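Morning, everyone. Please look at the picture first.

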Amino acid sequence: WINDRYLVGRVYEKSGEGITYIGWDNLNNNVIYIKEYFPLGFCSRKDDMSVEITEGKEYEFNNGIMQFIDISRKMENLSELPSIMPVVETLEFQGTAYSMIKAAAGITLREFLLRNGGNLKWEQAKPLFLPLATTLEGMHKAGIIHGGISPETIIVGRDGKLHIFGVAISQLRLATSDFTSQVFPGFAAIEQYSEDYERGTHTDVYGLAATLF
């Protein structure tokens, strides 16, 4: 349990930023994703399940956790955007940080496409993707760059809507990062492969356009 409210279940996904679990919000009685900041190679788990920073990695760990908390708290204020998975709460616990995200039941866009012949007609895609574009615009206004827009990070919900998943710290979306990076070939822009180019809102525009293509 976290704060006697959130029940941590099985691992849903791992990345260089941390671990996402399937969880349960005992207050609201619904399924959630619990994102734990646990960067690979920068920390370890103690016997009491708390997180201990690896010696010599304090700066990188702390820089990342500040970004993680900042992004999560900004996401708490964007719940009205149509394609957001709302962040219920951001908290620090046992030496690290957690983001509690209301889960949207569904499958990835990649899996959805495979089940539907590999592509969609524009008439089908347009009503799905316009709310997604509006959501990205709202995130950008709040200072959040996703950096990983792809068929793997877009969920087609049982409600028939698209939902953005996988919002992460900037280091995760740079191939040359000290963190174990997560970029999506074919959907990642050139600036994600080199520190010589500036990343920004245009990085997400590229990812969205590549996904539409």
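Let's start with a lining. The residues around the second largest cavity divide into 7 nonpolar, 6 polar and 5 charged. Keep in mind that this is a predicted model.

How big is that second largest cavity? Its volume is about 120 Å³. It is lined by 18 residues. Nearest its centre lie Glu-13, Ser-15, Glu-17, Thr-20 and Lys-35. Strand E2, residues 18-25, and strand E3, residues 30-37, each supply at least two residues of this lining. The largest share, 3 residues, comes from E2.

Why look for such spaces at all? Rolling a probe the size of a water molecule over the atoms shows where empty space is left.

How many cavities of 30 Å³ or more are there? The count comes to 2. The largest cavity has a volume of about 190 Å³. Of the 16 residues that line it, the closest to its centre are Lys-35, Met-75, Ser-99, Ile-101 and Val-167. Helix H1 gives the most to this lining, with 4 residues. H1 and strand E7, residues 96-102, each supply at least two. By class, the lining of the largest cavity has 11 nonpolar, 3 polar and 2 charged residues.

About 300 Å³ of space lies in the largest pocket. It has 16 lining residues, and Leu-113, Gly-118, Thr-211, Leu-212 and Phe-213 are the closest to its centre. Which helices each supply at least two residues of the lining? They are H2 at 109-115, H3 at 122-141 and H4 at 201-212. H2 provides the largest share, 4 residues. The classes here are 12 nonpolar, 3 polar and 1 charged.

Next, the second largest pocket. Its volume is about 240 Å³. There are 17 lining residues, with Gln-67, Ile-145, Ala-168, Ile-169 and Ser-170 closest to the centre. Helix H1, residues 58-76, gives the most to this lining, with 4 residues. By class, we have 5 nonpolar, 8 polar and 4 charged residues.

On to a strand. In a regular strand the side chains alternate between the two faces of the sheet. Take strand E9, residues 154-157.

Who are the neighbours of E9? Strand E8, residues 106-108, runs antiparallel to E9, with 3 bridges joining them. There, Thr-108 has Ile-155 as its bridge partner. Strand E10, residues 162-164, also runs antiparallel to E9, joined by 3 bridges. Val-156 stands opposite Leu-162 in that pairing. The hairpin of E9 and E10 has 4 residues between the strands. In this hairpin, Gly-160 takes a positive phi near 80°.

Last stop: Glu-58, which lies in helix H1. Is Glu-58 buried, partly exposed or exposed? Its relative accessible area is 36%, between the 20% and 50% cut-offs, so Glu-58 is partly exposed. A polar atom of its side chain lies 3.0 Å from the backbone nitrogen of Gly-56. Then there is Phe-42, 16 residues away from Glu-58 along the chain. The C-alpha atoms of those two residues are separated by 7.9 Å.

Conventions: Residues are numbered from 1 along each chain as its sequence is written. This is a predicted model: local features need pLDDT of at least 70, side-chain atom pairs count only at pLDDT 80 or more; totals for chains, interfaces and linings use all residues. Side-chain values use heavy atoms; hydrogens and water are left out. On a 1 Å grid over the protein atoms alone, a cavity is a set of points where a 1.4 Å probe fits but cannot get out, and a pocket is an open set with protein on both sides within 12 Å along at least five of seven lines; lining residues have an atom within 4 Å of a point. Grid points are joined across faces, edges and corners, and a volume is the space filled by probe spheres set on the points. Ala, Val, Leu, Ile, Met, Phe, Trp, Tyr, Cys and Pro count as nonpolar, Asp, Glu, Lys and Arg as charged, and the others, Gly among them, as polar. Buried means under 20% relative accessible area, exposed over 50%, partly exposed in between (1.4 Å probe, protein chains only). Two strands pair if DSSP finds at least two bridges between them. A polar contact is a pair of N or O atoms within 3.5 Å; within protein, one must be able to donate a hydrogen and the other to accept it, and residues adjacent in sequence count only if both atoms are side-chain atoms.
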